[in-house]
Amino acid sequence: MSAPISKPAPALRALIILVCAIVFLALIAYSAHRVRYNFGDKSNTEFTATQLSLSHNLIRADDGSLQQKDGDVTNTGARRPCPT
Amino acid sequence: MGSIINRIKRITIARRITQSATLLFLNLPFVHLLMVSCPVFYCHGCPLASMACPLGVLVNFSTLRIFPFVTLGILGLVGTIGGRLVCGWLCPFGLIQDLLHKIPSRKISLHPLLSYVKYPLLIGLVFAVPYFLPGKPITFCHFCPSGTLEASIPWQFLGQSSQGGWPAFIMRISILVGVVVFGIVASRSWCRVLCPLGAIFAFFNRFSIFRFRLTRHECKDCGVCASKCPVDIDPVKQMNTAECIRCMDCTCTEHIKLGMK
């Protein structure tokens with residue numbers, strides 16, 4: 001039988017939860033307000049990049065820039081075979 | 001004993017309802033939330049998908065060398081709130097695993113060390129390989145059984161073949177069959193051994209807001225909670241360990257409760 005696992009002290013646990021909540025909320029907030037990707041001749045949010053990446057219509061070009069394939073497909077959904 | 005069985009039944013019914021509801025919601029084609037990752041193991045390649053798979057997004061973003069702020073934020077927040085609660089209560093692949101294990105067959109117990117396999121899988125196939133070898137067909141998505149079940153097979157029937165043709169499709173089907181057989185003989189085998197998303201949430205299990213609490217003076221060491229655990233842990237000795245999927249089956253004994261303390 002395995003040994004009992006130790007658990008963090010209540011104060012330490014509360015601190016970890018607080019830090020985690022702040023960090024992860026900050027990640028989302030930072031993305032929503034600050035993160036922009038330039039492709040398709042415009043500035044795009046991470047949500048657009050996510051949706052395009054699902055259908056593999058966003059690529060990293062040889063010069064290091066992000067490029068959009070197949071025109072604007074942001075409203076067509078990403079329902080294509082995965083991971084193709 | 002009768003009250004314990006009744007409580008187990010109630011918990012199981014509640015879990016089936018939440019797992020089925022999640023499965024239904026993730027397959028509503030008129031819901032267009034594909035730009036947002038759902039915090040469960042799923043495939044956005046499904047013809048009916050309504051949200052994105054977090055692992056798929058992490059793989060794609062590693063390939064594109066973009067930091068996945070939103071996906072990591074969502075996974076981190078969900079993990080901070082409940083740890084692996086989503087594994088037990090929301091994950092559609094968890095529902096499949098639960099149902100598979102009900103198929104009568106010889107059952108095996110897994111060695112505890114096998115639970116560490118999912119961590120190199122997460123780091124290697126979800127982050128490192130897509131980042132360092134972009135474009136190579138050896139990322140997690142290329143082997144994902146959820147992708148095979150929810151995307152490759154439906155799309156094959158819809159007349160659109162997978163990348164890599166039949167050899168890749170057969171390889172993926174073989175992996176899926178292996179996972180299914182593994183799920184029949186060992187309870188929650190995918191979740192315990194191979195799931196990279198489980199590896200992410202496991203990190204939060206020790207300190208998440210919702211966690212189990214044992215009223216130790218009421219515990220009679222009867223062993224019922226350990227016998228009911230689908231991931232073969234002893235809740236009395238290993239409470240809130242990284243492998244606990246928070247299914248709450250152990251709460252049938254009433255000495256163990258899920259709470260915020």
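Between chain B and chain A of this predicted model, an area of about 3900 Å² is buried (the accessible area, for a 1.4 Å probe, that two parts lose on being put together, summed over both), and carbon and sulfur atoms give 69% of that area. The interface brings 55 residues of chain B into contact with 41 residues of chain A, where contact means heavy atoms within 4.5 Å. Nine residue pairs are found in polar contact across the interface, both residues being at pLDDT 80 or more; a polar contact is a pair of N or O atoms within 3.5 Å, of which, within protein, one must be able to donate a hydrogen and the other to accept it, and residues adjacent in sequence count only if both atoms are side-chain atoms. The count of salt bridges between the two chains is zero, the criterion being a side-chain nitrogen of Lys or Arg within 4 Å of a carboxyl oxygen of Asp or Glu.

Residues are numbered from 1 along each chain as its sequence is written, and chains are lettered from A in the order in which they are written. Local features need pLDDT of at least 70, whereas totals for chains, interfaces and linings use all residues, and side-chain values use heavy atoms, with hydrogens and water left out.
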